[in-house]
Amino acid sequence: MKQFLNNLALSLVGLFIVGGLWALLSATVSPDLPSPWRTWQESKVYILSPWEKRGEMDQGIGLMTAYSLFRVAKGFFLAILIGTPLGFMLGSSNTFFKMFDPTIQLLRPISPLAWLPLGLVLFRQSEPAALFTIALCSMWPTVINTMTGVRAIPQDYLNVARVLRLSKWRQFTKVWLPATLPYMFTGYRLSLGIAWLVIVAAEMLTGTPGVGGFLWQEYNSLIYSHILLSILTIGIVGFALDRMMGFAETKLRAI
Amino acid sequence: MSFIELKDVSKSYGPRNVLSGVNLTLDEGEFVSIVGASASGKTTLLKAAAGLIPYDKGSITMAGEAVTDFSTKASYIFQNYSLLPWLSAFENVNLAVEAAFPDWPKPMQKEQSEKYLQMVGLGAALLKKPSQLSGGMRQRVSIARAFATEPRVMFLDEPFGALDALTRATLQQELTTLCRSVGRPVTALMITNNVDEAILLSDRILALSRGPGATLSPAVSVNLPRPRGADLLMHDDQAIRVRNHLAEFLLAGSDRERPAQRPEAPAASKDVPVEASI
Ligand SMILES: Nc1ncnc2c1ncn2[C@@H]1O[C@H](COP(=O)(O)OP(=O)(O)OP(=O)(O)O)[C@@H](O)[C@H]1O
Ligand SMILES: [Mg+2]
């Protein structure tokens with residue numbers, strides 16, 4: 001407990017220092033950058049009534065975040081729905097691995113900014129294009145980690161499956177899946193992090209309502225304090241998501 | 001014809017020659033043990049005999065047919081227990097039972113699994129995960145799992161290695177009972193590093209020479225009446241002779257590169273009466 005309070009105090013001090021730097025920057029070199037106080041003054045209507053909808057792009061921060069989260073959830077589930085089986089196939093079949101690994105290595109480093117236009121060409125609508133981009137960019141950690149997990153299944157367990165003559169389905173549900181689960185979850189956590197990174201880019205380019213879309217619109221309307229509000233929201237939500245997945249992961253490893 | 005037959009089997013891992021020219025025969029219903037020093041290739045030999053790993057040379061047959069995969073009639077007890085850590089003791093055994101008797105109704109499968117777990121004294125630990133069990137308890141779960149499928153052939157890799165002397169003795173007796181309780185003759189091939197255990201349980205014993213390139217000694221028959229008690233081992237003349245004979249072979253192997261005796265022909269390896277060789 002004491003340790004915890006100590007750590008909390010230290011992180012508050014860190015936060016204070018960064019806030020101080022921010023205030024200093026806005027007071028000296030960058031007069032366009034709103035100070036922390038001005039940011040709060042100009043943003044509090046969004047924070048204090050987070051669920052209010054005043055217009056398409058003028059909504060409380062809670063609603064904006066909810067839109068983004070919902071979009072991320074859809075893209076993320078699409079990613080793990082495709083990524084998990086793909087990882088299993090890559091991990092279990094050498095032929096499959098040799099066939100697709102080079103392509104995957106090629107696709108993996110492509111930025112969301114590059115996929116999005118392609119998505120728009122493909123689907124002609126911003127929503128599916130955004131999902132396409134999120135799924136495609138966030139899929140890889142799931143694919144790679146699942147594959148690694150399958151490769152790392154101890155020979156002992158495979159021997160057990162063989163000696164007990166488990167059916168293919170049972171082998172999968174009773175041996176492969178539980179043995180790979182911790183790896184899969186590490187993949188999911190990383191994927192979710194990337195999905196949240198991509199959402200901002202996707203919303204910016206498509207102009208859909210959400211934290212990213214809001215950020216871009218406020219930039220165009222020159223209301224810089226709202227940009228800072230968006231940035232802070234993105235950071236806090238991303239942090240919360242990572243912690244949630246991390247918690248699920250430790251719970252899983254404890255089994 | 002013998003039920004299980006290994007003829008001139010050799011096996012290398014890369015450049016490392018583990019087995020070279022191993023000959024072994026088992027009749028149906030026979031209990032045969034192999035003793036040998038650590039890392040001599042015992043596990044390798046057992047896995048090859050069971051069809052779990054490929055071998056380089058020679059032939060392995062069961063009931064006249066070449067062994068290419070693990071037999072549907074067999075069970076295998078792994079040296080390191082190999083329980084699935086995410087399943088409870090009961091689930092570990094029941095998984096085997098469900099696979100072995102897919103036609104049985106669920107309650108019957110459950111009953112079978114519980115029966116065998118009770119038999120090894122784990123009736124109270126059915127729901128525990130392997131991580132919550134001691135090494136000996138895990139070993140007993142893996143014994144229950146192997147027997148609950150009512151196999152006709154058993155491959156046992158140091159099944160009592162992690163047990164204290166007392167539990168070991170109880171389970172050795174239990175193993176004898178289990179081998180008979182199934183109603184059909186159980187053919188068993190057991191690996192052990194304990195000569196007394198081999199004498200207690202086996203019809204015949206062979207020693208594996210120290211690797212690399214390990215070979216089997218001629219077999220020694222144990223014609224002691226069953227059930228055999230631990231006291232018998234201490235005093236019976238035949239038991240003492242068998243023990244000395246095996247010790248001699250094992251020690252001879254440790255002095256030289258090659259074992260002292262090597263069977264000339266496969267047939268000669270069987271049934272060298274212990275009296276004759278001393
Ligand atoms: N999969 C493998 N790959 C490479 N070498 C192996 C493999 N399995 C075993 N070996 C080697 O083969 C030799 C025999 O191993 P094995 O496990 O058969 O010995 P063992 O007699 O069962 O020993 P122990 O009594 O300690 O269980 C060892 O030197 C080991 O290092
Ligand atoms: Mg071994």
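At what angle do helix 3 and helix 4 of chain A pack, and how far apart are their axes? In this predicted model, helix 3 (residues 61-92) and helix 4 (residues 94-107) of chain A pack at an angle of about 120°, and their axes are 6 Å apart. Angles of 65 to 115 degrees count as roughly perpendicular and those over 145 as roughly antiparallel. The two helices of chain A are therefore oblique to each other.

Helix 3 of chain A makes this contact through A:Leu86, A:Met89, A:Leu90 and A:Ser92. From helix 4 of chain A come A:Asn94, A:Phe96, A:Phe97, A:Phe100 and A:Ile104. By residue class, the contact divides into 7 nonpolar and 2 polar residues, with no charged ones.

Leaving aside residues up to four places away in sequence, A:Phe97 touches A:Leu90, A:Pro102, A:Met147 and A:Arg151. A:Leu90 is also one of the residues that helix 3 of chain A brings to the helix contact. Between A:Phe97 and A:Gly87 there are 10 residues of separation in sequence and 9.4 Å in space, taken from C-alpha to C-alpha.

Chain A as a whole has 10 helices and 2 strands. Along the sequence, their order is α-α-β-β-α-α-α-α-α-α-α-α. A box of roughly 70 × 55 × 35 Å along the principal axes is filled by the C-alpha atoms of chain A.

The ligand site involves chain B. Ligand 1 is surrounded by 13 residues, and the closest are B:Ser38, B:Lys42, B:Thr43, B:Thr44 and B:Gln79. In the shell around ligand 1, 4 residues are nonpolar, 6 are polar and 3 are charged. Strand 2 (16-26) and helix 1 (42-50) of chain B each supply at least two residues of this shell. Helix 1 of chain B gives the most, with 3 residues.

| Residue | Distance to an oxygen atom of ligand 1 |
|---|---|
| B:Thr44 | 2.5 Å |
| B:Gln79 | 2.6 Å |
| B:Glu158 | 3.4 Å |

On its own, ligand 1 has 630 Å² of accessible area, of which the protein covers 62%. Two of the residues in the table, B:Thr44 and B:Gln79, are also among the closest to ligand 1.

Terms used. Residues are numbered from 1 along each chain as its sequence is written. Chains are lettered from A and ligands numbered from 1 in the order in which they are written. This is a predicted model: local features need pLDDT of at least 70, side-chain atom pairs count only at pLDDT 80 or more; totals for chains, interfaces and linings use all residues. Side-chain values use heavy atoms; hydrogens and water are left out. A residue is near a molecule or strand if one of its heavy atoms lies within 4 Å of it. A polar contact is a pair of N or O atoms within 3.5 Å; within protein, one must be able to donate a hydrogen and the other to accept it, and residues adjacent in sequence count only if both atoms are side-chain atoms. Accessible areas come from the Shrake-Rupley method with a 1.4 Å probe; for residues, only the protein chains shown count as cover. Helices (H or I, at least four residues) and strands (E, at least two) are DSSP runs, numbered from the N terminus. Ala, Val, Leu, Ile, Met, Phe, Trp, Tyr, Cys and Pro count as nonpolar, Asp, Glu, Lys and Arg as charged, and the others, Gly among them, as polar. Axes are lines fitted to C-alpha atoms, for helices over the stretch in contact, and angles run from 0 to 180 degrees between N-to-C directions. Angles under 35 degrees count as roughly parallel, over 145 as roughly antiparallel, 65 to 115 as roughly perpendicular and the rest as oblique. Contact means heavy atoms within 4.5 Å.
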